[in-house]
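These are my notebook entries on one protein model, written down as I looked things up.

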Amino acid sequence: MHPLSPPDSDTFADVLRRTRLAAIVRGQDPDAALRTVLTLAEEGVALVEVSLNTTDALGVIRRAAAEVGPGTLIGAGTVLTEEDVARAHEAGAGWMVTPALTESVAASVRAGLPVLAGALTPTEAVAARRAGADAVKLFPPRSAGPPTSRPCATPSPTCRSSPWAESTSPGPSGTSPRGRRGGCRIAARRRRRARRGPRRPPPTRPRLRRPVLGWHPGGRVSTAPGRTPVPVDVLTFGETMLAAQLPGSLAVGAQARTTVAGAESNVAIGLARLGHRAAWAGLVGDDEPGRLVLRTLRAEGVDITRAAVRATAPTGAMLREQRVADLVRVHYWRDGSAASLLTPPTSSPPWATVPGCST
């Protein structure tokens with residue numbers, strides 16, 4: 001068995017058995033693939049695989065492995081040859097996934113890497129375990145769903161098997177290689193769970209929080225070694241809040257649409273959608289609204305390496321009421337928010353790293 005990186009001391013197989021969840025990222029746009037991996041890691045997914053047939057897959061693995069916290073292990077999928085194992089491991093992949101019983105299984109075992117070997121029949125599943133695979137991936141998923149997993153496990157009660165499903169990240173045009181099913185679909189065995197009925201909930205685990213990188217005038221912000229802001233075309237600086245929009249007046253049972261609001265972040269999102277390198281700098285609280293703000297901006301392609309978290313103050317909020325057709329009332333809760341506590345910087349401000357900008 002192979003240990004997972006700290007702080008989780010469980011083996012790879014233990015993590016797979018306990019979480020019952022792995023994510024596969026595959027796509028034509030490396031930036032979209034990276035954002036998908038980081039979002040999955042932020043949401044607490046412990047095992048994330050990047051398929052090697054993703055555009056610039058090794059670059060995505062290298063960048064993701066450098067940014068995610070120790071609670072997420074980045075793996076490489078569609079690993080066919082010994083050379084694939086070596087290149088993926090050098091890029092930072094901590095586990096391997098093969099679509100079949102190829103030389104990559106033995107190469108992964110020799111390198112001390114956990115490996116999920118692809119198999120379709122009981123014979124292949126037993127052969128994969130004898131070759132040293134930590135678990136067996138029943139593949140392809142359309143043929144090896146939950147009905148197939150039971151007979152595959154019968155010859156060897158200790159054989160851990162897992163039905164697998166593909167996931168794609170959007171391509172440059174917003175579509176995936178297999179049609180308009182962009183995004184990331186997580187491999188979850190829902191049919192088998194439904195057949196088993198209710199099960200005991202897994203042990204509670206602390207929420208995994210990826211460090212938010214950036215500048216803070218007080219210096220109280222977590223950072224990752226070697227990560228520095230990259231040059232951008234436009235840097236916006238201001239407060240972004242949690243926003244709730246009501247179609248009418250505030251009342252019991254009223255349904256609100258939740259979003260994030262802030263003129264500066266809106267400009268950054270618009271520029272990013274037009275293909276410009278845009279960044280947003282500001283402070284948010286160490287709370288769910290703050291994480292929503294950062295997650296939304298990153299998903300839109302906005303650079304947030306100059307943003308920071310203030311643990312002692314909340315994220316600002318606003319409520320918008322559409323009282324009548326031409327009358328809107330807006331309420332703000334910004335007094336004492338994280339962004340309101342910004343002070344003149346004692347060190348380099350966030351715009352100091354932008355070429356052509358001056359304080």
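**Entry 1: Ser265.** I looked up Ser265 and found it in helix H9, residues 263-273; helices (H or I, at least four residues) and strands (E, at least two) are DSSP runs, numbered from the N terminus. I am working with a predicted model, in which local features need pLDDT of at least 70 and side-chain atom pairs count only at pLDDT 80 or more, while totals for chains, interfaces and linings use all residues. Residues are numbered from 1 along each chain as its sequence is written, and side-chain values use heavy atoms, with hydrogens and water left out.

Is Ser265 buried or exposed? I noted a relative accessible area of 1%, so Ser265 is buried, where buried means under 20% relative accessible area, exposed over 50% and partly exposed in between, with a 1.4 Å probe and protein chains only. The side chain of Ser265 makes a polar contact with the side chain of Thr240 at 2.9 Å; a polar contact is a pair of N or O atoms within 3.5 Å, and within protein one must be able to donate a hydrogen and the other to accept it, residues adjacent in sequence counting only if both atoms are side-chain atoms. Leaving aside neighbours within four places in sequence, I listed Thr236, Thr240, Trp280 and Leu297 as the residues in contact with Ser265, contact meaning heavy atoms within 4.5 Å.

Entry 2: Leu235 has Ala279 as its bridge partner in E12.

I also looked up Asp303, which is found in the loop between H10 and strand E14 (308-310) and counts as buried at 13% relative accessibility. Not counting residues up to four places away in sequence, Asp303 touches Val230, Val232, Ala278, Ala279 and Trp280.

**Entry 3: salt bridges.** How many salt bridges does the count come to? I recorded 13, a salt bridge being a side-chain nitrogen of Lys or Arg within 4 Å of a carboxyl oxygen of Asp or Glu. Glu239 forms one with Arg334, with the closest N and O atoms 3.0 Å apart. Because Glu239 lies in the loop between strand E9 (234-237) and strand E10 (241-246), and Arg334 in the segment after strand E16 (327-333), the pair ties together parts that are 95 residues apart in sequence. Glu239 is buried, with a relative accessible area of 14%, whereas Arg334 counts as partly exposed at 37%.

Arg291, itself buried with a relative accessible area of 13%, forms a salt bridge with Asp286, the closest N and O atoms being 3.1 Å apart, and another with Glu288, where the closest N and O atoms are again 3.1 Å apart. Asp286 is partly exposed at 37% relative accessibility, and Glu288 is partly exposed at 39%. I noted that Arg291 and Glu288 both lie in helix H10 (residues 288-299), 3 residues apart, about one turn of the helix. I also wrote down a network of salt bridges that links Glu42, Glu43, Arg295 and Arg298.

**Entry 4: the aromatic pair.** My search of the whole structure gave 1 aromatic pair. Phe12 and Trp95 form this pair, which is tilted, at 5.2 Å centre to centre with 40° between the planes; rings of Phe, Tyr and Trp (its six-membered ring) pair if their centres lie within 6.5 Å, and planes under 30 degrees apart count as stacked, over 60 as edge-to-face and the rest as tilted. Phe12 lies in helix H1 (residues 12-19) and Trp95 in strand E4 (residues 95-98), so the pair ties together parts that are 83 residues apart in sequence. I found Phe12 buried, and Trp95 likewise.

**Entry 5: helix H3 and the totals.** In helix H3, residues 57-67, I listed Ala57, Gly59, Val60, Ile61, Ala64 and Glu67 as buried. The buried residues of H3 pack against helix H2 (30-42), strand E2 (47-51), strand E3 (73-77) and helix H4 (82-91). For the protein I recorded 10 helices and 16 strands, and 45% of its 359 residues count as buried.

Methods
Two strands pair if DSSP finds at least two bridges between them.
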